[in-house]
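Biologist: I'm new to this one. Can you walk me through the ligand site?
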Amino acid sequence: MKQLLVLNGPNLNLLGIRQPEFYGATTLADVEDLCRQTGAALGAEVTCFQSNHEGALIDQIHAARTTRDGIILNAGALTHTSIALMDAIQSVELPVVELHLSNIHARESFRHKSWIAPVAVGQICGFGPAGYDLAIRALLAHIEAAS
Ligand code: CA2
């Protein structure tokens, strides 16, 4: 059974609680349930983790090196600033799918830059919570094709 890690970064714990008019009414717990359900339907075990702290996310990426087959990462605003996250992904040599609820390319120009994109297998953005389902499918297909 493939082991996947779904990592969510800063402020995503507020999903469905604050600013639902912008990020929607789905909570992070809902998103994590969706991920586990999609994974189970496809024969994969999904573990979820959220943190508002860059270092905690990096620790999870390091730990995944020997325990997971791939990572889905919504790094939140750290996407646009964190070379440390980029280095962590590069160091573990695991396939990573970059994920965003919103279409970052249709928003402010500072969101167009992603430090994750160059070290990710690909990027899914703009599909809201459904993007997590798409990302799990894409990651498993990538892992399958690579093995
Ligand atoms: O679209 C995405 O998924 C983002 O990663 C979300 C980040 C943003 O900084 C990225 O540019 C794009 C922000 C997450 C904030 O989440 C909130 C959820 C509810 C209420 C307030 C913030």
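Modeller: One term comes up at once: a polar contact is a pair of N or O atoms within 3.5 Å. Also, this is a predicted model, where local features need pLDDT of at least 70, side-chain atom pairs count only at pLDDT 80 or more, and totals for chains, interfaces and linings use all residues. Residues are numbered from 1 along each chain as its sequence is written, and side-chain values use heavy atoms, with hydrogens and water left out.

Biologist: How far is the ligand oxygen from the side chain of His80?
Modeller: An N or O atom of that His80 side chain is 2.7 Å from a ligand oxygen. For Ser102, the side-chain distance is 2.5 Å. Leu101 uses a backbone N or O atom, 2.7 Å from a ligand oxygen.

Biologist: How much of the ligand's accessible area does the protein cover?
Modeller: The protein covers 94% of the 510 Å² that the ligand has on its own. Those areas come from the Shrake-Rupley method with a 1.4 Å probe.

Biologist: How many residues surround the ligand?
Modeller: There are 17, near meaning a heavy atom within 4 Å. Asn74 and Arg111 are among the closest. The shell has seven nonpolar, seven polar and three charged residues. Here Asp, Glu, Lys and Arg count as charged, Ala, Val, Leu, Ile, Met, Phe, Trp, Tyr, Cys and Pro as nonpolar, and the others, Gly among them, as polar.

Biologist: New topic. Where does UniProt place "binding site"?
Modeller: The unreviewed UniProt entry places that feature at Asn74, His80, Asp87, Leu101, Ser102 and Arg111. They span 38 residues in sequence, and the farthest two C-alpha atoms are 24.2 Å apart, so they do not all gather at one spot. Such annotations may be inferred rather than shown by experiment.

Key: Polar contact = N/O pair within 3.5 Å; in protein donor to acceptor, adjacent residues only side chain to side chain.
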